[in-house]
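Please look over the sequence and the fold below. A short report on them follows.

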Amino acid sequence: MTWPATAADAPEGAGLVLVFTDYDRFATTCPRAAQVVLDIIADQARQAAVLNRRLICLVQSNDPQIRLEAVGAMPVLWNSDEALDVRRG
């Protein structure tokens, strides 16, 4: 399925999952752009939710020390298995 130009053009209940791997490489090379990309996706996800659509973004990093600013005014959280610094790589 090709994602419509806007969430409003997608069928009700439609969804899209974005998966970014090795995001630490992008964040190290272009930190501001990496943050802006996540903020844009967060904004689009909220707009999609209002229209009963789903947009989810999963971000994977190989750097256990990666730190991101809040995305869409929400803190970035680790999954429960890696929430403590000692559990990361």
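## Glutamine 35 and its surroundings

Leaving out residues up to four places away in sequence, glutamine 35 touches Leu68, Glu69, Ala70 and Val71; contact means heavy atoms within 4.5 Å. This is a predicted model, in which local features need pLDDT of at least 70, side-chain atom pairs count only at pLDDT 80 or more, and totals for chains, interfaces and linings use all residues. Residues are numbered from 1 along each chain as its sequence is written, and side-chain values use heavy atoms, with hydrogens and water left out.

Glutamine 35 sits in helix H2. Helices (H or I, at least four residues) and strands (E, at least two) are DSSP runs, numbered from the N terminus. Glutamine 35 has a relative accessible area of 4%, so it counts as buried. Buried means under 20% relative accessible area, exposed means over 50%, and partly exposed lies in between (1.4 Å probe, protein chains only). The side chain of glutamine 35 also reaches the backbone nitrogen of glutamate 69, at 3.2 Å.

## Overall layout

The protein chain has two helices and two strands. From the N terminus on, their order is β-α-α-β. Of its 89 residues, 22% count as buried. Among contacts with a separation of 6 or more, 63% join residues 24 or more positions apart.

## The nonpolar core

Which residues make up the largest nonpolar core? There are seven: Tyr23, Ala27, Ala34, Leu38, Ala42, Ile66 and Val71. Helix H1 (23–29) and H2 each give two or more residues to this core. H2 has the largest share, three residues. A nonpolar core is a set of buried Ala, Val, Leu, Ile, Met, Phe, Trp, Tyr and Cys residues joined through side-chain atoms within 4.5 Å.

Valine 71 is one of the core residues. Beyond four places in sequence, valine 71 touches Gln35, Leu38, Asp39, Ala42 and Val76. Valine 37 and valine 71 are 34 residues apart in sequence, and their C-alpha atoms are 9.4 Å apart in space. Valine 37 is found in helix H2. Its relative accessible area is 28%, so valine 37 is partly exposed. With neighbours within four places set aside, valine 37 is in contact with Phe20, Tyr23 and Phe26.

## The largest pocket

The largest pocket has a volume of about 770 Å³. Its lining has 27 residues, of which Cys57, Val59, Leu68, Val76 and Leu77 lie nearest the pocket centre. Helix H2 (31–50) and strand E2 (54–59) each supply at least two lining residues. By class, the lining has 17 nonpolar, five polar and five charged residues. Ala, Val, Leu, Ile, Met, Phe, Trp, Tyr, Cys and Pro count as nonpolar, Asp, Glu, Lys and Arg as charged, and the others, Gly among them, as polar.

A pocket is found on a 1 Å grid over the protein atoms alone, as an open set of points where a 1.4 Å probe fits, with protein on both sides within 12 Å along at least five of seven lines; lining residues have an atom within 4 Å of a point. Grid points are joined across faces, edges and corners, and the volume is the space filled by probe spheres set on the points.

## Loops with positive phi

Aspartate 22 lies in the loop between strand E1 (15–20) and H1. Its phi is positive, about 55 degrees, although aspartate 22 is not a glycine. Aspartate 22 is at 27% relative accessibility and therefore counts as partly exposed.

Asparagine 52 is in the loop between H2 and E2. Here too is a residue other than glycine with a positive phi, near 60 degrees. At 36% relative accessibility, asparagine 52 counts as partly exposed.

## The segment after E2

Asparagine 62 is in the segment after E2. Beyond four places in sequence, asparagine 62 touches Asp22 and Asp24. Its side chain makes a polar contact with the side chain of glutamine 60 (2.8 Å).

At 47% relative accessibility, glutamine 65 counts as partly exposed. Glutamine 65 and aspartate 24 are 41 residues apart along the chain, and their C-alpha atoms are separated by 9.4 Å.

Notes
Polar contact = N/O pair within 3.5 Å; in protein donor to acceptor, adjacent residues only side chain to side chain.
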